[in-house]
Amino acid sequence: MPHFDALYNTARWMLHDETDAEDLIQETYLKAYQSFERFTKGTDCKAWLFQILRNTFINAYHRKKKEANTISMED
């Protein structure tokens, strides 16, 4: 898995938790694999993977925030 160490270190920094970082890395590589046909040969693979990592992290953050608001409104 290319660039695993760099992605993992960044995920650990963003999440402050080993298990959550591992989950984020797993989801990142899964999304990269699923959309590999859209990767442009000759471009920076590491930057592409970091963009997927970043977007996955942000989407999860917004999803959790929305769920928290929904639960607190129901109380």
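1. Leu7, Tyr8, Ala11 and Met14 of H1 are buried (under 20% relative accessible area, with exposed over 50% and partly exposed in between; 1.4 Å probe, protein chains only). Seen down the axis of H1, these buried residues fall within an arc of 125 degrees, so they line one face of the helix. The arc is taken from the directions from the helix axis to the C-beta atoms. Asp5, Asn9 and Trp13, on the other side of H1, are exposed.

2. A word on the basis. This is a predicted model, in which local features need pLDDT of at least 70 and side-chain atom pairs count only at pLDDT 80 or more, while totals for chains, interfaces and linings use all residues. Residues are numbered from 1 along each chain as its sequence is written, and side-chain values use heavy atoms, with hydrogens and water left out.

3. H1 covers residues 4–15. Helices here are DSSP runs (H or I, at least four residues), numbered from the N terminus. The expected span is 1.5 Å times one less than the number of residues. For the twelve residues of H1 that gives 16 Å, and the end C-alpha atoms are 16 Å apart, which agrees. His16 follows H1, and its phi is positive, near 60 degrees.

4. How many salt bridges does a search of the whole structure find? The search finds two (a side-chain nitrogen of Lys or Arg within 4 Å of a carboxyl oxygen of Asp or Glu). Arg12 forms one with Glu18, with the closest N and O atoms 3.7 Å apart. Arg12 is partly exposed at 34% relative accessible area. Glu18 is partly exposed too, at 45%.

5. Glu27 forms a salt bridge with Lys31, with 3.5 Å between the closest N and O atoms. The two residues are four apart in helix H2, so about one helical turn separates them. Glu27 is partly exposed at 32% relative accessibility. Lys31 is partly exposed at 29%.

6. Now the aromatic rings. Rings of Phe, Tyr and Trp (its six-membered ring) pair if their centres lie within 6.5 Å; planes under 30 degrees apart count as stacked, over 60 as edge-to-face and the rest as tilted. The count comes to four aromatic pairs. Phe36 and Phe39 have ring centres 5.9 Å apart and planes at 20 degrees, so this pair is stacked. Phe39 is buried, at 16% relative accessible area.

7. Phe36 also pairs with Trp48, edge-to-face, at 6.3 Å centre to centre and 65 degrees between the planes. This pair links distant parts of the chain: Phe36 lies in the loop between helix H2 (18–34) and helix H3 (45–74), and Trp48 lies in helix H3, twelve residues apart. Phe36, Phe39 and Trp48 form one aromatic cluster.
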